Amino acid sequence: MDLKKFMRPELDRFAGYAACKSPEALDDVTRALGICKLDANENVYGPSPRVRSAFASFNDAHIYPDSCQTELRKALAGYTGVPADRIVAGSGSDQLIDLLVRLFISPGDEVLTATPTFAMYKFFTELSAGKFIGVPRDQDFNFTPEKLLSAVSNKTKLVFIAMPNNPTGTQVSKRTIEKILETGLPVVVDEAYYEFTGQTMAPEIGKHPNLMVLRTFSKWAGLAGLRVGYGLFPEDVVTRLDAIKDPYCVNTAAVAAARESLKDIDYLMSNVRLIVSERERLFQALAGIEYLKPYPSAANFILCKINGKDAAEIQRVLERRGILVRYFNSPQMENYLRFSIGRPGDTDRLIAQLRKIGEIT
Ligand SMILES: *Cc1c(COP(=O)(O)O)cnc(C)c1O
């Protein structure tokens, strides 16, 4: 019996998300080298030590988490300056992207963004049988609001803008966001890397009834494995999201970790500053290697165009030497690698290997 005939036919060609290879999937020889994991924009410094201590006495594994995330939202109100009744927490900001698409997109409706960008916007749009409209960015991965808005149709129901963008690292001006907001369309500003830039639309939440802001603990607070994200929304969006989200979406360990992180902001921000200054050092080093063209980044990674060599092959060579990086090859990003920012020792190791690869051919 073939169960396919009962399945949603539009998912026949759904490709899914190509996630990074986990270190567990590498062979023992490579693992023995010590792995530099520079492929998924995680925080190499890990979480606050307060998180580790809280886990040592963690005693909430057997109870369901608060379905309203009351404590977390209250702490986030203090952190963001936005009232708790305008905040929704989720299992990573990925979950909030999913929920927003489910809230706004009926089959055939359009999600608009500037591409290349974060792959999950397309993933969740197509999973909801929506239509993903990506307006190509220019050569430097910038875009104008006019160009983006020329693709608005009567089916456009949601706009995503990553500020700054992943995987390009490109920043977008608040003025550009303001112009997109003037359309009155629902606009989601994804601030996954806010702490690395300081640029935010959060203070505008009360002023624009169509503005939504997404944040996460994955990048700045080093909690990617625990899945905690949140969003700042107009009241009517909060009401609907609360109604459609699964109640226990942020687990008790994640709530504890987020609580401790928000008590240790100075420590976490000092690591963010280390990453930002290391980013500038890595940029200079990459710019000095002739087959690489790095793009300026406002986040915790640097995108590079590879000239005259095969980026896939470089990724494989680096992987054999214990360095994991992200490979991109799409019509808009042909032959690119993205390097997450590590510790100074990771930068040294990466640069030494990239130089060696340059000497071979
Ligand atoms: C990493 C990332 C996210 C997802 O973060 P999680 O909270 O871990 O789901 C969202 N948006 C962008 C642009 C990202 O780079």
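1. A residue is called buried when its relative accessible area is under 20%. At 10%, Arg-73 therefore counts as buried. Please keep in mind that this is a predicted model.

2. Arg-73 has a salt-bridge partner in Asp-242, with N and O 3.5 Å apart. Because Arg-73 sits in helix H3 and Asp-242 in helix H9 (residues 235-244), the pair ties together parts that are 169 residues apart in sequence. Asp-242, at 32% relative accessibility, is partly exposed.

3. Glu-71 is partly exposed at 39% relative accessibility, and Arg-259 is partly exposed at 28%.

4. Within helix H11 (residues 265-287), Arg-281 and Glu-278 are three residues apart, which puts about one helical turn between them. They form a salt bridge with a closest N to O distance of 2.9 Å. Glu-278 is buried at 6% relative accessibility, whereas Arg-281 is partly exposed at 37%.

5. In total, the structure holds 20 salt bridges. Shared partners join Lys-37, Asp-39 and Glu-42 into one network of such bridges.

6. Now to helix packing: H4 (residues 92-104) and H5 (residues 120-127) meet at about 40°, with axes 9 Å apart, and are therefore oblique to each other. The crossing is right-handed. On the H4 side, Asp-94, Ile-97, Asp-98 and Val-101 contact Met-120, Tyr-121, Phe-124 and Thr-125 of H5. By class, this contact comprises five nonpolar, one polar and two charged residues.

How values were computed
Residues numbered from 1 in each chain as written. Predicted model: local features only at pLDDT ≥ 70, side-chain atom pairs only at ≥ 80, totals over all residues. Heavy atoms only, no water. Axes fitted to C-alpha atoms, helices over the stretch in contact; angles between N-to-C directions. Helix = DSSP H or I, 4+ residues; strand = E, 2+ residues; numbered from the N terminus. Parallel < 35°, antiparallel > 145°, perpendicular 65-115°, else oblique. Left-handed = near helix turned anticlockwise from the far one by under 90°. Contact = heavy atoms within 4.5 Å. Nonpolar A, V, L, I, M, F, W, Y, C, P; charged D, E, K, R; others polar. Salt bridge = Lys/Arg side-chain N within 4 Å of Asp/Glu carboxyl O. Buried < 20%, exposed > 50% of the residue type's maximum accessible area, 1.4 Å probe, protein only.
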